[in-house]
Each structure stands twice: as C-alpha cells, then as structure tokens.
Amino acid sequence: MTLQDTIRYFTEEPRIMPCLSVACGTASTVLTAHGGYADEERGVLLTEGSLFDLASLTKFFTALIVMCLREEGRIDLTRPVTAYAPQFTRLSGVTVDQVLGFEIALTTDGRVDAQTSPEAGRALLYDIRPGEVTGRAYSDMHAMVLRYVVEGAAGEDYVTLLNQLILAP
C-alpha cells in the first residue's frame with residue numbers, strides 16, 4: 001500500500017475525514033501525499049497549496065519558540081509581557097511565564113476572530129486583560145499574546161522564527 005493509497009482510504013470510502021495531507025522524510029528524501037476536499041460544500045479539492053488552520057498545534061509551536069529563545073538568552077520568563085510586547089498595556093503586571101503556563105485567564109470584550117478586519121482584531125487583542133480563573137485558563141489567547149512577545153524579544157516575525165527554530169532544523 002502506498003502513501004497515496006492510505007490517503008485515499010481515509011478521504012474516499014468510507015470517508016473517515018474530508019481531507020488529509022501528509023509529508024514525511026529525511027534530510028535527503030521527502031514523501032508527500034494529499035487527497036480529499038479543502039472545502040466539501042463548494043467542491044474544492046485539496047491541493048499542494050491548500051492552507052490548514054493549525055489550531056492547537058500553534059500553542060505547541062509558540063511554546064517551543066519561547067523556550068528556544070529562553071535557551072538562547074533572548075527572553076526572560078520572569079519579565080512582564082510588556083517588556084517584549086508593550087502594546088499589551090493591560091498586561092503590565094503579568095509575566096511571560098504566567099501566560100506560557102496558562103496560570104492566568106486572559107479575556108477580551110469579544111472574539112478576536114469575529115472582527116470585521118485584521119486591524120479591528122488586533123485592536124481587540126491588544127486590549128486583552130487578566131481575567132478571573134474559573135476552572136481551566138487554557139485558551140487560544142495565550143498563544144496569540146506570546147506571538148507578539150517572541151517577535152519583540154527576537155526582533156523577527158513569528159513565521160521566520162518558526163522556520164529558523166522549529167521547522168528547518
């Protein structure tokens with residue numbers, strides 16, 4: 001059975017999932033395969049150029065970038081978020097470590113992803129504040145804040161850091 005056969009098994013009958021994309025290999029050889037629909041409702045097939053929402057994987061990548069920067073001495077987990085990302089004025093008393101460890105709840109007045117423009121989403125995110133911890137403090141907001149923290153600490157954008165520290169090595 002080939003990798004493409006496996007993709008077909010999951011995305012065709014019995015349609016276990018709508019789409020699947022796989023890449024694996026070594027430094028000298030890479031195998032890729034994909035299949036299914038990027039958008040089933042509109043009949044758009046998955047292609048090599050299709051984009052995926054990384055969802056909770058972003059939290060893992062972001063935490064790993066923070067720890068790499070810490071190891072390199074470019075970030076101090078005990079410093080306030082605002083030392084690296086001053087746009088988060090309401091987080092001046094919150095440390096990077098508290099955000100990284102989900103030790104505090106973070107709250108906004110609305111959903112960042114429901115805003116009508118990227119600018120409005122950023123404005124809402126920058127107005128984030130510590131909230132009341134009721135149960136788990138786990139949320140996407142922590143990784144969103146940490147993105148700006150790592151960019152400020154390293155002086156490079158998130159995608160560059162992701163490639164340099166995680167994906168390329």
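Here are some questions and answers about this predicted model.

Me: Let's start with the overall layout: how many helices and strands are there in the chain?
Reply: Happy to begin there. Read along the sequence, the pattern runs α-β-β-β-α-α-β-α-β-α-α. That gives a chain with six helices and five strands.

Me: What does the C-alpha trace span along its principal axes?
Reply: The chain has 169 residues, and 31% of them count as buried. Its accessible surface comes to about 10,500 Å², with 53% belonging to carbon and sulfur atoms. Along the principal axes, the C-alpha trace spans about 55 × 40 × 30 Å.

Me: In what order do the three strands of the open sheet lie?
Reply: Strand 1 (19-25) and strand 3 (44-45) are the edge strands, each pairing on one side only. Strand 2 (residues 30-39) pairs with strand 1 in the antiparallel sense over seven bridges, and with strand 3, also antiparallel, over two bridges. The order is therefore 1-2-3.

Me: Which residue in strand 2 is the bridge partner of Val22?
Reply: Strand 1 and strand 2 are joined by a hairpin through four residues. Within this antiparallel pairing, Cys19 stands opposite Gly36. For Val22, the bridge partner in strand 2 is Ala33.

Me: Which residue takes a positive phi in the hairpin of strand 2 and strand 3?
Reply: Asp39 stands opposite Val44 in strand 3. The hairpin has four residues between the strands, and the phi in question is near 70°. The residue that takes this value is Gly43.

Me: What angle does the direction of helix 1 make with that of strand 2?
Reply: Helix 1 (residues 3-11) packs on the sheet, where it touches strand 1 and strand 2. Its direction and that of strand 2 make an angle of about 20°.

Me: Why is the pair of Tyr9 and Phe10 edge-to-face?
Reply: A pair of aromatic rings is described by the distance of the centres and the angle of the planes. The structure holds five such aromatic pairs. For Tyr9 and Phe10 the centres are 5.2 Å apart and the planes lie at 85°; an angle over 60 degrees counts as edge-to-face, so that is the class of this pair.

Me: Which element gives the largest share of the largest nonpolar core?
Reply: This core has 34 residues, and Ile65, Val81, Phe88, Val145 and Val149 touch the most other members. The elements that give two or more residues are helix 2 (57-71), helix 3 (96-100), helix 4 (118-126), helix 5 (140-154) and helix 6 (158-167). The largest share, eight residues, comes from helix 5.

Me: Which residues do ring pairs link with Phe88 into a cluster?
Reply: Leaving aside residues up to four places away in sequence, Phe88 touches Val81, Thr82, Leu125, Tyr126, Ile128, Val145 and Tyr148. Ring pairs link Phe88 into a cluster with Tyr126 and Tyr148.

Me: Where is Phe102 found?
Reply: Phe102 has a phi near 55°, a positive value in a residue other than glycine. Its relative accessible area is 25%, so Phe102 counts as partly exposed. Its place is the loop between helix 3 and strand 4 (105-107).

Me: How far apart in space are Arg122 and Met144, C-alpha to C-alpha?
Reply: Arg122 has its place in helix 4 and is partly exposed, with a relative accessible area of 32%. In sequence, Arg122 and Met144 are 22 residues apart. In space, C-alpha to C-alpha, the separation is 9.9 Å.

Key: Residues numbered from 1 in each chain as written. Predicted model: local features only at pLDDT ≥ 70, side-chain atom pairs only at ≥ 80, totals over all residues. Heavy atoms only, no water. Core = buried A, V, L, I, M, F, W, Y, C linked by side-chain atoms within 4.5 Å. Buried < 20%, exposed > 50% of the residue type's maximum accessible area, 1.4 Å probe, protein only. Contact = heavy atoms within 4.5 Å. Axes fitted to C-alpha atoms, helices over the stretch in contact; angles between N-to-C directions. Areas by Shrake-Rupley, 256 points an atom, 1.4 Å probe, with all protein chains shown as cover. Phe/Tyr/Trp six-rings, centres within 6.5 Å; stacked < 30°, edge-to-face > 60°.
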